Amino acid sequence: ASKVAESTNQGRKLTPSAFQIRFSGYKGVVAVNQKLAGGSVHLELRKSMRKFTSDHYQLEVCSSATFMPAFLNRQIILLLSCRGVKGRVFVRKQTKMIEKLESILVDSNVAKKYIRKTNSLPPNSAITAAVRMIEAGFDVKSEPFLQDVLQSFRAVQIDDLRKKARIFVKKAGCLMGVIDETETLKYGQVFVQIRQDEDDSPVRG
């Protein structure tokens with residue numbers, strides 16, 4: 001797993017515990033198996049993961065396990081509405097999101113916190129560079145580059161909000177799931193471990 005993480009140049013301090021992969025016609029999610037450490041077998045795949053026959057034996061990593069911020073969309077809002085959630089709840093969350101997007105243009109502290117909460121901050125991206133500049137002491141109101149990046153960031157968020165009803169949900173997240181190969185969990189149980197930042201202590205449950 002560490003070799004895969006290094007080869008994908010993700011720039012992360014911790015080695016992910018699961019990867020979404022493509023390999024020789026197989027596709028799906030694989031998790032770290034300590035029983036394979038030091039052995040001759042490096043990868044085990046289930047028959048159900050095979051989608052077609054291929055002699056392409058290069059491991060392709062689509063994504064790795066990481067905390068992703070959660071957003072509502074039109075489909076989720078429709079489902080929640082059918083379950084009895086009132087429309088004013090979504091309007092209130094949308095209003096708060098718009099207020100935050102206005103604040104990031106004038107308040108460096110708000111900009112840093114909001115961007116960190118709503119983005120996975122990919123390496124070498126403009127928004128990641130903007131966060132690092134804010135942390136280094138640059139002011140969003142006086143630095144032209146920061147203003148340009150934040151204006152673009154805000155425009156994309158507002159456009160997604162208008163077209164897709166993509167509303168940020170503060171106390172939620174999207175995670176990568178795998179089956180329990182060890183058969184430790186009982187039927188209906190799940191194990192969740194969340195680390196919003198690599199320097200944070202993990203939250204388990």
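Which residues are buried in helix α5 (residues 126-135)? They are Ile127, Thr128, Ala130, Val131, Met133 and Ile134. Buried means under 20% relative accessible area, exposed over 50%, and partly exposed in between (1.4 Å probe, protein chains only).

The model is predicted: local features need pLDDT of at least 70, side-chain atom pairs count only at pLDDT 80 or more, and totals for chains, interfaces and linings use all residues. Residues are numbered from 1 along each chain as its sequence is written, and side-chain values use heavy atoms, with hydrogens and water left out.

The protein has six helices and seven strands. Helices (H or I, at least four residues) and strands (E, at least two) are DSSP runs, numbered from the N terminus. From that terminus, the order is α-β-β-β-β-α-α-α-α-α-β-β-β.

The buried residues of α5 pack against α4 (108-118) and α6 (144-164). An α-helix has 3.6 residues a turn, so residues three or four places apart point the same way.

Across the protein, 26% of the 205 residues are buried. Contact means heavy atoms within 4.5 Å. Of the contacts between residues at least 6 apart in sequence, 60% join residues at least 24 apart.

The structure holds zero disulfides, a disulfide being a pair of cysteine sulfur atoms within 2.5 Å. Cys62 is partly exposed, at 43% relative accessibility. Cys174 is also partly exposed, with a relative accessible area of 41%.
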